[in-house]
Amino acid sequence: MELLSPKRVQTFKAIREDEVFSLIKSISSQKGSTINLSRSVASLSYSITSRAAFGKRNKDTERFKETQDELNKLSSEFSLADMFPSVKLLELMSVSRFRIEKVHRQINGILESIINEHKGKMQESAKQEGGEGKEDDLVDVLLKMQKRGDFEPQLTDTNVRAVILPRQTYQQCEINGYDIPAKADIIVNAWAIGRDPKYWIEAEKFNPSRFLDSEIDYRGNNFEYIPCGAGRRICPGISFSQAVIELALAQLLFHFDWKLLGEVKPEEFDMTENLGVTIRPRNDIQLIPIAYGGSCLIKG
Ligand code: HEM
């Protein structure tokens with residue numbers, strides 16, 4: 001919460017503007033040709049998040065992205081062992097579990113290298129007169145907290161690494177009559193909750209206006225709509241992502257009109273979803289940007 005507070009999100013303004021500006025410039029140079037918008041937006045999102053978290057790009061942050069992509073792919077695969085956790089043999093036979101553990105080990109190694117590099121830079125700048133010159137990234141903030149001893153018990157490198165990835169249940173428990181084993185990855189089906197006809201009129205219809213003049217928000221206060229989770233495990237990145245989404249979306253709409261490929265009408269556009277931990281369109285979104293007259297970039 002401290003790391004991604006609205007105040008700290010403000011400090012990443014220059015990174016957001018820089019990366020969104022690069023994207024708009026790159027799209028402008030391809031006006032009239034087909035753009036893979038899914039890939040451009042995923043890359044924008046990674047660039048902003050990794051610069052805010054780790055600072056400048058280097059070989060470690062690039063390797064982190066590759067292994068993270070692989071982990072996301074593996075985590076979204078259907079796993080029989082997860083469906084029947086009491087059958088231990090399935091877990092032993094599970095290829096994806098074995099691969100996930102291997103990728104976890106790789107990610108730990110990369111994070112360790114990123115943390116060590118930050119520690120080295122902090123020592124160097126402490127020796128130099130005047131000390132800190134640049135904005136802190138998230139790893140700097142965590143390391144400074146560790147150094148000041150803000151946490152009891154002491155924040156270790158392992159904790160710092162753990163803050164940066166996934167969680168598991170630490171003990172067995174029961175929810176709604178279901179036994180949840182220790183060390184299980186638990187994913188609440190927010191997708192199904194958000195489409196429950198008990199709470200939503202025309203639940204399947206894409207109708208953003210339903211939120212106008214509505215008391216329901218996405219910050220975990222209304223359990224019928226929890227895209228960012230709720231309670232103690234709520235997403236701490238809400239302010240961070242809201243700032244990125246607003247700026248990127250506003251710029252993409254301000255600078256370009258967007259055309260579908262061929263003769264496809266908007267209502268025929270392929271909205272088929274992929275199965276996974278987070279839902280994405282099955283096929284990448286490909287569009288043609290048509291420039292509006294204006295050429296100035298809004299700062300946001
Ligand atoms: C539109 C963007 C985003 C959405 C929809 C989203 C959604 C979510 C959801 C549903 C959870 C799980 C909550 C739960 O378990 O109940 C979560 C957790 C988390 N999110 Fe996000 N998130 C977004 C962006 C971000 C960003 C940009 C960051 C960091 C820079 C971030 C950091 C985290 C972290 C660290 C957790 C784990 C929290 C915990 O386990 O205590 N998220 N997010």
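Arg-210 touches Trp-200, Ile-201, Glu-202, Ala-203 and Lys-205, leaving aside residues up to four places away in sequence. This is a predicted model. Arg-210 sits in the loop between helix H10 (190-193) and H11. Trp-200 is ten residues from Arg-210 along the chain, and their C-alpha atoms are 9.4 Å apart. Arg-210 has a relative accessible area of 21%, so it is partly exposed.

Next comes the sheet. Three strands form it, in the order S1-S5-S4. The sheet is open and its pairing is antiparallel. Strand S1 (35-36) and strand S4 (256-259) are the edge strands, each pairing on one side only. Two bridges join S1 to strand S5 (residues 286-291), and these two strands run antiparallel. Ile-35 stands opposite Leu-287 in S5.

The table gives their contacts and angles.

| Helix | Strands | Angle to S4 |
|---|---|---|
| H2 (residues 13-28) | lies across S1, S4 and S5 | about 60 degrees |
| H11 | touches S4 and S5 | about 85 degrees |

Ile-245 has its place in helix H11 (residues 238-255). Is Ile-245 buried or exposed? Its relative accessibility is 52%, and exposed means over 50%, so Ile-245 counts as exposed. Together with Leu-249 and Leu-253, Ile-245 makes a nonpolar surface patch of about 300 Å².

Key
Residues numbered from 1 in each chain as written. Predicted model: local features only at pLDDT ≥ 70, side-chain atom pairs only at ≥ 80, totals over all residues. Heavy atoms only, no water. Patch = residues over 30% accessible without salt bridge, like charges linked within 9 Å, V, L, I, M, F, W, Y side chains within 5 Å. Areas by Shrake-Rupley, 256 points an atom, 1.4 Å probe, with all protein chains shown as cover. Salt bridge = Lys/Arg side-chain N within 4 Å of Asp/Glu carboxyl O. Helix = DSSP H or I, 4+ residues; strand = E, 2+ residues; numbered from the N terminus. Buried < 20%, exposed > 50% of the residue type's maximum accessible area, 1.4 Å probe, protein only. Pairing = 2+ DSSP bridges. Contact = heavy atoms within 4.5 Å. Axes fitted to C-alpha atoms, helices over the stretch in contact; angles between N-to-C directions.
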